[in-house]
Structures are given as structure tokens and as C-alpha cells.
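This report goes through selected parts of one structure.

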Amino acid sequence: MEKRNVIIIGSGPAGLTAAIYTARANLEPLLIEGFQAGGQLMITTEVENYPGFKEGINGPDLMAEFRAQAERFGTEFITADVTAVELSADKKIVRVDDDAYEADAVIVSTGATANLLGLENESRLMGRGVSACATCDGFFFKDKVICVIGGGDSAMEEATYLTRFASKVYIIHRRDQFRASKIMVKKAVENPKIEFILDSVPEDVLGEERVSGVKLKNKKTGAVSELTVDGMFVAIGHTPNTALFAGQLDTDEKGYIITKKGSNTQSATNIPGVFACGDVQDSLYRQAITAAGSGCVAAIDTERYLETLHD
Ligand code: NAP
């Protein structure tokens, strides 16, 4: 079995930053990047809030820069999905089909996936009017009409945020009761640019090259209507990619890995030698820059852990 100091699972901003730092610390990391490498930024067109890129950069281009930087310092990559892990013993085992790798430390950075409605045209128009991230894409909707799908805090927060840019924001929610906190709903209700469409779900996203509208179905009356919008923001929650670690790593009730935030090993999980960073352990901030920052934290925690092992 191949033996490594550290194996990193996942190749978004968190995993690649952990790779850059552990590689520069001569830990010769192995990064298993997944078949769909690069994480959520791979479906983002323009990134304008990542520091250091004054003019903005495409999500996939940014991830290519991250990857090249990790490679430059000797990170080894495997483009495949991890199929199983055994983390509890001192020697951690990571399997990719029939191949097994052994490591003293593992960094988990498998990210989270934005939940989508599951409509065919929603994925076709992703990045062309459909978005799952208001802070990433809101700026591109200056003086446009948009809709936000969802009735939770994210939907309220994103709709309120989007009124900075948009001329009008519809919140489309499938019920007439909100999961969101009262204060967030109140803020949205009081915003003159926001209008609510309740008991309704999008049945289709309209538009050839870009979003031109949504087809809505009223769940109570069954009535179908078309709403003209330039963009649709889906805010129906995220799912952390933690299925691989079920029964091994402690997670919160939503499935996010619990890390020891506030301690002096902030990325530590319940298993010594296993660290987590990025969106897989963060349901709150979910930004590329915060993920990258936490990847650096995980790398430093790993470096210190490996030092104590060797002492
Ligand atoms: P959430 O609380 O799970 O809300 C998801 C919303 O999407 C719900 O209203 C749900 O409707 C709706 N939904 C789910 N699947 C749908 C579907 N297939 N079609 C249509 N609608 C669908 O998720 P979230 O808003 O992302 O919030 C996640 C967590 O982060 C929460 O704990 C939240 O409090 C927290 N958060 C806090 C803040 C803040 O305090 N500033 C901001 C953002 C998020 P139903 O209600 O009918 O189930």
C-alpha cells in the first residue's frame, strides 16, 4: 500500500490551499481531486470578490491557478473519486476503487453542493441567469428583475442583498409559511423592491441563451403562469458532501462536519489526525476566500499534528 504523510480529499479552494501549504512544508501531499474537480467555482462565471484579481476572474480560471500553484510545489493529484475511507486507526486508509493509500493525516475538503430544483433548463442556464449564490453573481443584475426561490433565511438574505442591484426582486416560495426567522422575513416584507409570490414553485426556466422568465405553478389552485425575469437565484439550501464519512466523522444535524472552532486546532474533527476545511464544515460563510483561509488553517494544524507524531 502506498504510504503518504497527508492525503487531501477534495479540490475546491479549501483543498487546494491545504495542498499549497502542506506541499510547501515538504509534506508531499496527495490530493484526490474527484472526477468533477474544482468545486463550486467551476459553475461560477465571473468571480469579482476574490482578492488579488482586480478585474475579476472566471471561476474555472481561478481554480486552474490554484491547482497550478499546488502542483508547482509538488502536490500529487489523482483525478478520481474516493470510494471509501477508514479513519479511526493511527494509519488512515483512503480507497479509490481497488487502490488503497495509507496516510498519517487526512484533510477533508469535499465541500457542499447547492440544492437545485432539478429542472432541465435550470442546469442548462446555470451561470447564464441561473445562480445559487447572490454574493457571487448579484452584481451582474444591475437594474434587472430577478426572482429568488426559497423561504428560508438564505432566500430572505439573498433577496434583500439583491435589491442593491436589481430593480425588482420576487421571492417565490412553495408555502405561505416561512422557515426563515421573523426578523429576516420582516426585513424583506418592508423592502419596497421585494414582492412575494407564495404557494408557488417554478415548473420551468424560460430562455434560450439567457434566462427570460420562469413558468410558475400555484400549488393551491393549480394555476400556471409566466413571470418575466432576467435571473433566478435558487436559495433552497445546501447539502454538505459527507456521505463518505458517515459513522466516522461527527456531523451536526444538517450533516456538516463538526470542527473544533475556537480551539487551538480549529480544523480538528473528532478523530485525531483528520482535519476538515471549507464548506464541508461551514454552512455560514461559504465563500471561496473563507474556504481558502480554512484550508490554510487545516494545513497548519496537520503540520503541527505530524510534528507531534514524529517527536
Ligand atoms: P433552509 O432553512 O433549509 O430553507 C430552505 C428553503 O427552501 C425552505 O423554505 C424550503 O421550503 C425551500 N425549499 C427546499 N427545497 C425546495 C424545493 N425543492 N422547491 C422549492 N422550495 C424548496 O436553508 P437556508 O435558507 O439555506 O438556511 C440554511 C441554514 O443557514 C439555516 O439554519 C439558516 O437559519 C441559516 N442561515 C442564516 C442566515 C442568517 O442568520 N443571516 C442566513 C442564511 C442562512 P419549506 O420551508 O417549505 O421546506
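## The ligand site

In this predicted model, the side chain of Ser154 has an N or O atom 2.6 Å from an oxygen atom of the ligand. Arg179 places an N or O atom of its side chain 2.6 Å from a ligand oxygen, and Glu157 has a polar side-chain atom 2.9 Å from a ligand nitrogen. On its own the ligand has 920 Å² of accessible area, of which the protein covers 72%.

The ligand has 16 residues around it, and those that come nearest are Asp153, Ser154, Arg174, Arg175 and Arg179. By type, this shell divides into six charged, six polar and four nonpolar residues. Helix α5, residues 153-162, supplies three residues of the shell, the largest share.

## Asn115

Asn115 sits in the loop that runs between β9 (112-114) and α3 (120-124). Is Asn115 buried or exposed, or partly exposed? Its relative accessibility is 24%, so Asn115 counts as partly exposed.

Beyond its neighbours within four places in sequence, Asn115 is in contact with Val234, Ile236, Gly237, His238 and Thr239. With Ile236 there is a polar contact: a polar atom of the Asn115 side chain lies 3.4 Å from the backbone oxygen of Ile236. His238 is 123 residues from Asn115 in sequence, yet their C-alpha atoms are 5.1 Å apart in space.

## Cysteines

How many disulfides does a search of the whole structure find? The search finds one. This disulfide joins Cys133 to Cys136, with an S to S distance of 2.1 Å. The torsion about the S-S bond is about 75°, and the disulfide is therefore right-handed.

| Cysteine | Relative accessibility | Class |
|---|---|---|
| Cys133 | 17% | buried |
| Cys136 | 21% | partly exposed |
| Cys147 | 0% | buried |
| Cys277 | 1% | buried |

Cys277 is in no disulfide either, and the nearest cysteine sulfur, in Cys296, is 9.9 Å away.

Terms used: Residues are numbered from 1 along each chain as its sequence is written. This is a predicted model: local features need pLDDT of at least 70, side-chain atom pairs count only at pLDDT 80 or more; totals for chains, interfaces and linings use all residues. Side-chain values use heavy atoms; hydrogens and water are left out. A residue is near a molecule or strand if one of its heavy atoms lies within 4 Å of it. A polar contact is a pair of N or O atoms within 3.5 Å; within protein, one must be able to donate a hydrogen and the other to accept it, and residues adjacent in sequence count only if both atoms are side-chain atoms. Accessible areas come from the Shrake-Rupley method with a 1.4 Å probe; for residues, only the protein chains shown count as cover. Helices (H or I, at least four residues) and strands (E, at least two) are DSSP runs, numbered from the N terminus. Ala, Val, Leu, Ile, Met, Phe, Trp, Tyr, Cys and Pro count as nonpolar, Asp, Glu, Lys and Arg as charged, and the others, Gly among them, as polar. Buried means under 20% relative accessible area, exposed over 50%, partly exposed in between (1.4 Å probe, protein chains only). Contact means heavy atoms within 4.5 Å. A disulfide is a pair of cysteine sulfur atoms within 2.5 Å.
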